[in-house]
Amino acid sequence: MQMADGVDSTRASWSIQENELIPKTDLKLQGKTLPWVGIDIGGTLSKVAYFEYYENGDNIKYLGNNHTAVQDFIKSTHQYGSDGERDARLELKDVQLGSRKGNLHFIRFPTSRMDAFFELAEEMRAKELLQKKVYATGGGAYKFDNNFKEVLDLQLVKCDELHCLIQGIHFIDANFIGECYYLKFSNDSAEPEKVTYDFQSACPYPFIVVNVGSGVSILAVRSSSEFERITGSALGGGTFVGLSCLLTGCDTFEEALELAAKGDNKTVDKLVKDIYGGDYTRFGLPGDVVASSFGSMILQEKRDNVRKEDLACATLMMITNNIGSIARMCAINEGIDRVIFAGNFLRKNNLSMSMLARAMDFWSKGTMKAIFLEHEGYCGAVGALLESLSDVT
């Protein structure tokens, strides 16, 4: 993870060796056992919730000097190399974590770069900082268990993924004004209005959570401690990225989204009007509704003229429509009218959020609301961090 351009390398006591930031500080704490991090290691992205602890309004001090080495490293840049990022706009300030107060930072990087994560964590003496254990959730908490032991000499405490997700949603919503919101559409504007949804005052239970990562899990949440996984789908964010890479030659989620935003799915999909010549009025199906995803690609002339942007757009619509359809059916079966969509698939993905919001409103005739989160994919990592409070002394 290389130091980004423009970072002041004189901050704290840093040395630069082989383009890496290496702290030269003794990182042992003065008798403090602190909840530092919670990690959600997903199939595509890994997310870290890092707690920057303050004592009496001041940073905690490390032995050896007055620099808070880890905080300085984390806050020295928004970008860690080419693919690690700290979402500074999402930082939670002055939050209470157990008996302590501080700031909560959010970092993400591709799970394919776990090797760089282990290298950096080893250089920063993670074993000493984390009191020989770290709380983690997601499939990677099992996949990388041996790596944490062998490389970092850390015990990986595995936390239930869905429990962490729900706990994280509640904690962030209670500490971040405007965490929940929905999209309001009008004929006067092509762009929807973002409207804050006061989830707590609305008596939140019950609600549906649709967690969209590499795959999809759907939960019915009936109280702070009662929830169940209803169903899921293997067609999620990983499917969108994988198919887009195959069809367009792109390499990343961001590239795939950029292509999709410039595309037109109607050149790829078969619509209702392509079959009926117009609307299917008997069942209230407008002519521009997709009848068959990629259905037009059976024709050679269509394939010869299709653009990669259109293929990416059609892929995004296919995955999003499938998620929305399953979510709506689950909500109907459970008798629940509020659906929260979470997960990194929705990060910077305005197209999918608009599709989901419109679809939920249209097909439910206004009786169901699609609710989105500002901290989409970080709830699981926050939940793991909260689980670490059980070890605080």
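How are α7 and α8 oriented to each other, roughly parallel or roughly perpendicular? I looked this up before anything else.

**Entry 1: what I am working from.** This is a predicted model, in which local features need pLDDT of at least 70, side-chain atom pairs count only at pLDDT 80 or more, and totals for chains, interfaces and linings use all residues. Residues are numbered from 1 along each chain as its sequence is written, and side-chain values use heavy atoms, with hydrogens and water left out.

**Entry 2: α7 and α8.** I took helix α7 as residues 237-248 and helix α8 as residues 253-261. Helices here are DSSP runs of H or I with at least four residues, strands are runs of E with at least two, and both are numbered from the N terminus. The two axes come within 9 Å and cross at roughly 70°. Axes are lines fitted to C-alpha atoms, for helices over the stretch in contact, and angles run from 0 to 180 degrees between N-to-C directions. α7 and α8 are therefore roughly perpendicular to each other; the class covers 65 to 115 degrees, with under 35 counted as roughly parallel, over 145 as roughly antiparallel and the rest as oblique.

I then listed the residues that meet. From α7 they are Phe240, Val241, Ser244 and Thr248, and from α8 they are Phe253, Ala256, Leu257 and Leu259. Contact means heavy atoms within 4.5 Å. By class, the contact of α7 with α8 has six nonpolar residues, two polar and no charged. Ala, Val, Leu, Ile, Met, Phe, Trp, Tyr, Cys and Pro count as nonpolar, Asp, Glu, Lys and Arg as charged, and the others, Gly among them, as polar.

**Entry 3: α8 and α11.** I followed α8 to helix α11, residues 308-334. Their axes come within 7 Å and cross at roughly 105°, which makes α8 roughly perpendicular to α11. α8 contributes Ala256, Leu257, Leu259 and Ala260 to the contact, and α11 contributes Lys308, Glu309, Ala312, Cys313 and Leu316. I note seven nonpolar residues, no polar and two charged in the contact of α8 with α11.

**Entry 4: positive phi.** Most residues other than glycine have a negative phi. I looked up two residues with a positive value. Aspartate 94 has a phi of about 55° and lies in strand β8, residues 92-97. Aspartate 94 counts as exposed because its relative accessibility is 55%; exposed means over 50% relative accessible area, buried under 20%, and partly exposed in between, with a 1.4 Å probe and protein chains only. Phenylalanine 294 has a phi near 65° and sits in the loop between β18 (290-292) and α10 (300-305). With a relative accessible area of 18%, phenylalanine 294 is buried.

Entry 5: I checked aspartate 40 in strand β3, residues 37-41. Aspartate 40 counts as buried because its relative accessibility is 9%. Leaving aside neighbours within four places in sequence, its contacts include Leu45, Lys47, Thr137 and Gly377. Leucine 154 is in the loop between α5 (145-152) and β11 (155-158), and its relative accessibility of 2% makes leucine 154 buried.

**Entry 6: the whole chain.** I recorded 13 helices and 20 strands. Of the 393 residues, 51% count as buried.
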